[in-house]
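Hello,

Here is the structure I promised to pass on to you. Please open it beside this message, and then read on for what I found.

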Amino acid sequence: MSADEQQQSAPRRGKVLEALARAERKLFTRTAPKSAKACMKFLRTREGGSTAAVAERLGTSRRTVERYLAGKLTKPQKRLAAALVEETESEWQPQVRAQARAQASTSRGMMVEVTAYFGFTCTGSSDDGRERQITTDISPTYVKQILELQEAGATEEELHPIVAEAITESYFTEWGTRADGLRADFTAVSSISFRF
């Protein structure tokens with residue numbers, strides 16, 4: 001497989017998954033490694049010293065990993081640079097992330113800011129669907145479900161219904177005090193961000 005084919009076949013995270021990753025990165029109390037060599041060293045440590053495991057994670061060869069570790073290579077291609085950042089940040093400060101996730105799932109909840117097309121179904125009449133910009137809190141119950149789905153490897157499409165349900169409960173039905181039976185779906189997400 002050529003480098004172009006590998007780059008094209010590399011999976012892209014959707015906007016919801018990327019927003020969750022950005023929210024976690026904001027929690028870091030120390031800066032994650034930036035250089036390719038530092039990232040490779042960190043990942044090798046996380047993999048128990050195995051350069052083969054690092055190579056598999058990054059979708060590259062073991063020899064390439066060894067060259068970066070030895071300082072013979074310093075500037076990774078786009079795909080490898082993106083994989084290095086993603087893999088390093090996904091392993092960086094796990095206790096800080098775990099603590100914030102636990103608090104958000106049990107007591108604090110999360111804030112979501114989204115611009116997307118919202119469509120509605122309910123008994124009676126409702127506004128026609130349209131693009132809306134919404135900022136609202138999400139209850140810990142929904143945060144727990146969202147984070148569990150993320151950890152289980154859920155796709156963007158699998159996360160949309162639960163995020164839409166969380167927004168519906170907090171924003172449109174105001175925690176069940178109005179618009180009984182309303183269900184909102186969102187599509188065409190322009191932007192989304194979460195805050196722990």
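This is a predicted model: local features need pLDDT of at least 70, side-chain atom pairs count only at pLDDT 80 or more; totals for chains, interfaces and linings use all residues.

Residues are numbered from 1 along each chain as its sequence is written, and side-chain values use heavy atoms, leaving out hydrogens and water.

Helices here are DSSP runs (H or I, at least four residues), numbered from the N terminus. After α6 comes Q93, with a positive phi near 45 degrees.

Now for the helix pairs. Two packed helices are described by the angle between their axes and the distance between the axes. Axes are lines fitted to C-alpha atoms over the stretch in contact, and angles run from 0 to 180 degrees between N-to-C directions.

Helix α3 (residues 36-46) packs on helix α4 (residues 51-58) at about 115 degrees, their axes 8 Å apart. The two are therefore roughly perpendicular (65 to 115 degrees). In their contact (heavy atoms within 4.5 Å), M40, L43 and R44 of α3 meet T51, V54, R57 and L58 of α4.

Which residues join α4 to helix α5 (residues 62-70)? T51, A52, V54 and A55 of α4 make the contact with R62, V65, E66 and L69 of α5. This pair packs at an angle of about 110 degrees, with axes 8 Å apart, so α4 is roughly perpendicular to α5.

Happy exploring!

Key. Angles under 35 degrees count as roughly parallel, over 145 as roughly antiparallel, 65 to 115 as roughly perpendicular and the rest as oblique.
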